[in-house]
Amino acid sequence: MSSAGSSTSRLATPAQQPAHQAGPPPAEIAAWRRHLAAFLLGRRALVVPIVGAIVLLLFPTLSGNNAYWINQLSQIGMLALVVSGVNLSFGYAGEVQFGQVFMFALGAYLGGILSVHGTTDIVPLLLIGGAAATLAGVVIAVPALRIGGWSLAMASFFLVICLPDVVAIFTRWTGGRNGLVGIPAPTLFGETLDTTALYEVIIVVCIVWFAAYRNLVTSRFGTLFRILRESPVQASSLGYSPARLKLTAYAYGAFPAGLAGVLFGFVGEFLQPESFGLTLAIGIVAASVLGGIESVYGVIAGAAILQLGPQGSLSFQEYAPIAYGAFLIVAAILFRRGLGGIGQDLLLRAANMLVGRRAGAAVTSAGTLSAHLHGDTVAEAHAAEGAGGVPLLSARPGAPLQVSGASKAFGGVKALDDVTLSAEPGRVTALIGSNGSGKTTLLNVICGYAGIDGGEVSLDGETVSGRQPHRIAALGVGRTFQTPSMPRSVSVLDVVASGRFHTDRCGPLSSIFRLPRYWRARRADRERALIPLDLVGLAHLADDEASSLSLGTRRLVEVARALCGEPRLLLLDEPASGLSDEEVERLGRAIRAAAASGTTVVLIEHNFGFVTSVSDTAHVLHIGRLIASGPAKTIGEIPAVIESYLGSSAKPGSRRTLVQERALVTGPTTRP
């Protein structure tokens, strides 16, 4: 096993960088070009929104109190608040929902009713409206998310349809279908707010919310939400409950809709059910798609188009559902990333043009280009800090695994039949067998993805059978899958770092307010993630988008992610599939390093030569039954093992000897 200090010596040098990262050295690029390109790529990401916020706050003075545009910008700000909540639950967490309009209406009516009855201070009303919308979102989402699928979309859709009836039921307070009238002007610390002052309050609320929204989605929760959207199973393997993550995204997304509702009531001074109809619900989703479902500031562009176009045209309302439906179909095909994504692509191209292409191919990633411009890739930063001596892989003791009489059937097919085996810390235990022998099913039973029919599974003497997958993962179980799942728009470094999120938790509020705990966790995430990345030879790709990598490279990224969490039990499901000889060698080094660190490693692999080179013990499964166990280097000599691989044993008189049959099983020691 390599030492912690030597691990940094394998970091890629500039000469080892892939061709797509090639480019002129930073020193050869004019300083103004480097700074402008870095600015375009978001290195100074807060400059543009801060300047925009200042302009919006000063707009009444700059425009001479133009009443029309003050009203339009107020409406855009409120719609942006509502649309941002859709982005959070739909764009990031992947839950389709139409309930933002209901939350919007709830905040509006609650704020309007309280103000009519004498409570006009806007600060407590905003807090009440946001809290009420969040609570309603949780109440709606809990049963819907437990059912899964499209349940949340249907539940929220039902709320929009029944909204007029709900308002009518509470006519005494809401005014029913005739509307709630006589909403007084709001106050702030006892001072009545006129139209201009209310506009400024709306802009301040938008600034505060979008700062919080940006901080949340650029933290580890943005990564978790994207992983959840891509694969709930993957999220649970990281030690997080998919249902709880979805609920968090939906609850936080409902909060700004409640804020917008309170403001909407004061701007219009009149509320009626028709203002919160199905047309607006579909329009909000359309605005989210148009602006970019994963974009923070694209939301504002989508809201502006919605307000200045469809919402501002009375003649459009009659055909709005048809137009919105057609747009959503076209947008799903042509504008997958929305205006925000298109803008990012244009900025990246402009930055490429500024730094030139004298060294060859253009840089295809904003992260790699930004690192190239500044000469400070995360790998180089780690090389400078690595001498500090971070533990190579794991400081946690491994956990012995014991499977006793495990049985699992799917219908009438027994996938596992009374399987008993064990795996010890510091050793690599292989599970081998032909396709359909039950290897992956056994891993799923250990992880909790498949319920066990009989027997039990224990980890470090503690029974884990029957527990939820995320609770088992939180005990220190790392897992890779046959098909690696990588969320889009997430760097390799962040994907790998997600493996340790559950070991060093940092809540949403710490991320939003950028508390010291957030910065400590962020620094630790980057430091720890680079160690397994370096071990599998991918430190030079740390800034690349993980989903854009080849299948084999993604498998190594997934192994690095599992190692990053310092697992006590590491389960690898065919990690060498699709890898080149060099990649297989790096994978073997990583597996041996994990075992040398004390981790209990269980490996499923069809490459028998690779299995014998890295494993200590092997268990052979055949049609759900354990047929052989023993040292990995000699397991291939057992006739039953050969028969399970070849389908039949050597017949009497056959010219093929047992040694020849074993050669067919073991193959070369390295992958061809």
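The lining of the largest cavity divides into five nonpolar, seven polar and three charged residues. Here Ala, Val, Leu, Ile, Met, Phe, Trp, Tyr, Cys and Pro count as nonpolar, Asp, Glu, Lys and Arg as charged, and the others, Gly among them, as polar. The model is predicted: local features need pLDDT of at least 70, side-chain atom pairs count only at pLDDT 80 or more, and totals for chains, interfaces and linings use all residues. Residues are numbered from 1 along each chain as its sequence is written, and side-chain values use heavy atoms, without hydrogens and water.

A cavity is a set of points on a 1 Å grid over the protein atoms alone where a 1.4 Å probe fits but cannot get out; lining residues have an atom within 4 Å of a point. Points are joined across faces, edges and corners, and a volume is the space filled by probe spheres set on them. The count is five cavities of 30 Å³ or more. The largest has a volume of about 110 Å³. Among its 15 lining residues, Ser237, Val477, Gly478, Gly499 and Ala562 lie nearest the centre.

Which elements each supply at least two residues of this lining? They are helix H11 (232-237), strand S8 (477-479) and helix H24 (551-564). Helices (H or I, at least four residues) and strands (E, at least two) are DSSP runs, numbered from the N terminus. S8 gives the largest share, three residues.

S8 also belongs to an open sheet of six strands, in the order S8-S9-S10-S5-S11-S12, with mixed pairing. Two strands pair if DSSP finds at least two bridges between them. S8 and strand S12 (625-631) are the edges, each pairing on one side only. Within the sheet, strand S9 (residues 569-573) and strand S10 (residues 600-604) run parallel over five bridges. Leu569 stands opposite Thr600 in S10.

Now turn to single residues. Ser288 lies in helix H13 (residues 278-291). Is Ser288 buried or exposed? Ser288 is buried, because its relative accessible area is 1%. Buried means under 20%, exposed over 50%, and partly exposed in between (1.4 Å probe, protein chains only).

Two loop residues have a positive phi without being glycine. Glu269, with phi of about 60°, lies in the loop between helix H12 (242-268) and H13. Glu269 is partly exposed, at 46% relative accessibility. Arg514 has phi near 50° and sits in the loop between helix H22 (508-512) and helix H23 (516-535). At 18% relative accessibility, Arg514 counts as buried.

Note on methods. 1 Å grid on protein atoms, 1.4 Å probe; cavity = no way out; pocket = protein on both sides within 12 Å on 5 of 7 lines; lining within 4 Å.
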